[in-house]
Each structure stands twice: as C-alpha cells, then as structure tokens.
Amino acid sequence: MFKKILIANRGEIALRILWACRELGISTVAIHSEADTDALHVRYADEDVCIGPPRSSESYLNISSVIAAAEITDADAIHPGYGFLAENAHFAEVCEACKIKFIGPSPAVIRQMGDKAKAREIFETAGVPTVPGSRGVLGNEVEAVALARKIGYPVIVKASAGGGGRGMRIARGEEDLRSAIQTAKNEAKKAFDVADVYLEKYIEDPRHVEFQVLGDERGNLVHLGERECSIQRRHQKLVEESPSTAVSPTLRKRMAEAALAGARAVGYQNAGTVEFLLAPDGKFYFIEMNTRIQVEHPVTEMVTGLDLVKEQIRLAAGEPLGYTQEDIRWFGHAIECRVNAEDSESFIPSPGRITTFNISGGPGVRVDSAAHADGVISPYYDSLVAKVITHGNSRLEAGSRMRRLLDLMVVEGIKTTIPLLRRIIADPDFLQGRISTHYLDRLLSGGKPAAVHS
Ligand code: MV4
C-alpha cells in the first residue's frame, strides 16, 4: 500500500480524498494555489505545498509544479480527483516516468477514452449499442451528407476531443449540417487544438444514465449500477440519483453487461463511468466513457455501501477487487443536489465570502463540502459550494429528506442555487420521475417545449 498520497485537487473532492487516505492510514500532501492558502484541504493535510498563483493554468494544471511537489515531499502516488489533470493522459505518463503512481487507469486507456470517436469504435466493436453514426471521425463534407441522409435527420456533430457536451452542434437538414460541421470543427480546433469531429443520429429527449465500473489490475471487473443524471443545464448536472426510475431490473442487466463488455475491451482498470443515452422508446446507446472519479459518485456509495475513493486507492496499489459481481448489493435510493454559488435564476456566478453556512443532519444525510462560514468561494475555480446527498429506503424517503434539508439550509453572503433545487425537489414531474435531459429547460420555461442549446 502507498505510504503518502499527493492530492492534486482542491475543494470538496480534495477533502473526500483526504478522508479516504486517513481511513487507510496513508499520509497526505495537499497542493494549493495562492488563492487557497486558507482552504480546508490545506489545513487538514499532513503536509502542504503552494504550487503557484490563483489561475488554474499556473497552479492546479501546472504539471511540472505538481510533479515537483510530489518529488519534494516523496509522495508515492497522486490522486487527481475530477477536473484539472484527472483525464490528462500526458500527466499520467509523466507520473509513470517519475515512478509516481497515478490513481486511475493507464495513460493509454485515458488517451483512448479521451478520443470520443475512438471510444465509440472500441465499444461498437465490443458489441455495445452505439448511436448510429460515423465510424471514427468524419472524412469530408460529401461523406457526412451521404451518411446523414442514410441515418436520417436530426444529427449531431461532436468534437472527438470534446466530451461532456463541449463542442457539439445539432443539424436538422443538409444546409444545417454543412455549417454545423464547419462551426464544430472551428470550435474544436480552438478549444482542444484538434479539429476532428464525428457524427451521430440526434436522439430526441433522452435520459442520461451512466454506469459505475471498477476494475483491478488482474482483469477483474464489476459494475455498481447506474446513476440517473438527466437534470442538467448546459451540461452541468444539478441533481443525480441512484437507481434510475427508468431502469428496470432487466434493462439494468443489459446496460450493465454492455458497460462491462466495453470496459473489458479496453482493459479498464480502476474506477470508471460508462455513459449512455436512454431513448424514450427504451433503447440505450453508449456515448462516452469517463476515466475519473465523478462528482456524483456519492449516490453510488450510498446505495452500495462501497467507498469508491478507497477502492480507487486500493486498486491503484495493485490489490485485487476481493469481491465478485454477486457480492455487490444495492439498498434503497440516494439523491444528490449540487449547491452552486450562482444566482438561482440567471446562473451568474456569485463568488465571495460566506457569512452563514448552516445545514442540518439527520438519518440518511451526507454533506460533501469544503465550504464554511467565513470561507471564500473563489472566482478562479468552479462554483460548487456543497453536494447534499440523502439516502432512504425508497425514493420517496430520500426525496423527503432532501426536501427538509434544502428547506432548512442557510447559506448567506453569496447567492446559491438552493432556491432552484428546492423547486426541483418539490416538482410533480421530478417526484413522478418524469425527467429527461430537457427537464430543466421545460421547468425554467414554465412547461413549454424545450429550447435546445448546443
Ligand atoms: C447526444 C444527445 C442526443 N443525441 N448525442 C450531452 C452531454 C454529452 N455527454 C452528450 N450529450 C448529448 N449527446 C446524441 N447522439 C443529447 C445530448 C444532450 C444534449 C444535447 C444538446 C443540448 C443539450 C443536451 C443536454 C443533455 C444531453
């Protein structure tokens, strides 16, 4: 087992990783920017290293500084959390070259899954249902037009280096498609320095359902069921839950088998997430695989009783899973609400000093947060203030616990999305499980059909 882990992240996930290390008896190194000197992850770590100015590009994203901090403190592994360097294959390679264990899958797997067109090809070859579309990246415009005519409009053009909704364009006809390809390519080149795009049939009003998988370094793989992540705005999730109300036991079995077949085909190790679109007709399609621990991992932890971050560390240290699929059990229902420092209506970020931070506890309650009274939400980083998670025997119980928590939660000094979350959790459509990726557009436009952004 590792003796010392460097945590290459900040905020709630840095604390989450700290607690896992403590339970495993591993000492910890926090890294931080000049903006995070007083942050809790710095206060609670055994050692800390300031690695640069506030801007992420000069601190949390600066590979040389992160590696230097690990070498100076003699850390034997790095946990990247999510965001920042978590899905940077080059960083994972540098770790390997420096004999520091990167807690995650191999650089090759990160690179393959980061290339979304390649990931599609690999999963398709493994027999996983993928959205009808191009095999690999799009060739020329003529080929694209012919393909779109064959699969039928609408279609969606996606950046191969994108993911998570970045660099996508919907096309509802031939003229549309020509300009969609051009814009998508330009945007992709600008954002990712790779202009490659691929084409898929556009699935109308799908749900976003993702499966958690875990793999050890001996080829054993298990799945931990699904998370329903349809409630999102501009590809930022607001509310997640497990299980999904749209997934029956037989559908779960089929989707899980697909997720595992894909993971097996890439030789997946450590924790990963296989994303699917679930269409209103019940068909499901692989879209992407994420090679990191995800923000919403707690809902899976609550229903399975597993500690995913401890599992990541154990698996990275070369330990076997130690259990089989049949040993995985699910209990009850869990819901997560992400509280962001944003105006609840305009979504304009609201950084600043928190004056009051109050949240109640009670049965089935978990709060993952690095926020506190007199703490600061910095304008330099993402605006997540807290993840509020409830568990119950049923969805109804988890939901009523969430409603009480949000009703009593007080955060002052900054604006937060708590008012919107209260609205969602009391909404009849949400309560009935009538949700899709367009749910929030509909809620915000007062029930009218969704305005689709891309
Ligand atoms: C799609 C899709 C429909 N059809 N792909 C968004 C997040 C990223 N992981 C993939 N996403 C989507 N991919 C096909 N073939 C719908 C979404 C999607 C979406 C698309 C446009 C505007 C808003 C959206 C919200 C959620 C999901």
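This note walks through selected features of a predicted model.

1. **A three-stranded sheet.** Start with the open sheet made of 3 strands. The order is S7-S6-S8, and the pairing is antiparallel. Strand S7 (166–171) and strand S8 (197–201) stand at the edges. Each has a single partner strand, so one side of each is left without a neighbour in the sheet. From one strand to the next, the twist averages 25 degrees.

2. **The S6 and S7 pairing.** Strand S6 covers residues 155–163. It is joined to S7 by 5 bridges, and the two run antiparallel. Look at Gly 163 for a point of reference: Arg 166 in S7 stands opposite. Both residues return in the next point.

3. **The second largest cavity.** About 30 Å³ of space lies here. Which residues line it? They are Lys 116, Lys 158, Ala 159, Gly 162, Gly 163, Gly 165, Arg 166, Met 168, Tyr 198 and Glu 288. Two elements, S6 and S7, each give two or more residues to this lining. S6 has the largest share, with 4 residues. By class, the lining holds 3 nonpolar, 3 polar and 4 charged residues. The facing pair Gly 163 and Arg 166 is part of the lining.

4. **The largest cavity.** The structure holds 2 cavities of 30 Å³ or more. The largest has a volume of about 50 Å³. It is lined by 14 residues. Closest to its centre are Ile 103, Thr 291, Arg 292, Ile 293 and Gln 312. What is the division by class in this lining? There are 7 nonpolar residues, 6 polar and 1 charged.

5. **The second largest pocket.** This pocket has a volume of about 220 Å³. Its lining includes His 223, Pro 249, Arg 252, Lys 253, Ala 256, Glu 257 and Leu 260. Gln 325, Glu 326, Ile 328 and Trp 330 also line it. Which element gives the largest share? Helix H9 (residues 249–266) does, with 6 residues. The lining counts 5 nonpolar, 2 polar and 4 charged residues.

6. A search of the whole structure finds 0 disulfides. Cys 50 is in none, and the nearest cysteine sulfur, in Cys 95, is 19 Å away. For Cys 229, the closest cysteine sulfur is that of Cys 337. The distance is 13 Å, too far for a bond, because a disulfide needs the two sulfur atoms within 2.5 Å. Are these two cysteines buried or exposed? Cys 50 has 42% relative accessibility, so it counts as partly exposed. Cys 229 has 0%, so it counts as buried.

7. **Two cis peptide bonds.** Check the bond between Tyr 153 and Pro 154: it is cis, with omega about -5 degrees. Pro 154 lies in the loop between helix H7 (141–151) and S6. Pro 243 sits in the loop between strand S11 (236–242) and H9. H9 is the helix that gives 6 residues to the pocket of point 5.

8. **Positive phi at Asp 205.** Asp 205 is not a glycine, yet its phi is positive, near 55 degrees. Where is it found? Asp 205 is in the loop between S8 and strand S9 (207–215). S8 is one of the edge strands of the sheet in point 1. At 27% relative accessibility, Asp 205 counts as partly exposed. The reason is the range used: partly exposed falls between under 20% for buried and over 50% for exposed.

9. **Positive phi at His 235.** His 235 also has a positive phi, near 70 degrees, and is a residue other than glycine. Its place is in the loop between strand S10 (221–233) and S11. With 32% relative accessibility, His 235 counts as partly exposed.

Key. Residues are numbered from 1 along each chain as its sequence is written. This is a predicted model: local features need pLDDT of at least 70, side-chain atom pairs count only at pLDDT 80 or more; totals for chains, interfaces and linings use all residues. Side-chain values use heavy atoms; hydrogens and water are left out. On a 1 Å grid over the protein atoms alone, a cavity is a set of points where a 1.4 Å probe fits but cannot get out, and a pocket is an open set with protein on both sides within 12 Å along at least five of seven lines; lining residues have an atom within 4 Å of a point. Grid points are joined across faces, edges and corners, and a volume is the space filled by probe spheres set on the points. Ala, Val, Leu, Ile, Met, Phe, Trp, Tyr, Cys and Pro count as nonpolar, Asp, Glu, Lys and Arg as charged, and the others, Gly among them, as polar. Buried means under 20% relative accessible area, exposed over 50%, partly exposed in between (1.4 Å probe, protein chains only). Two strands pair if DSSP finds at least two bridges between them. Axes are lines fitted to C-alpha atoms, for helices over the stretch in contact, and angles run from 0 to 180 degrees between N-to-C directions.
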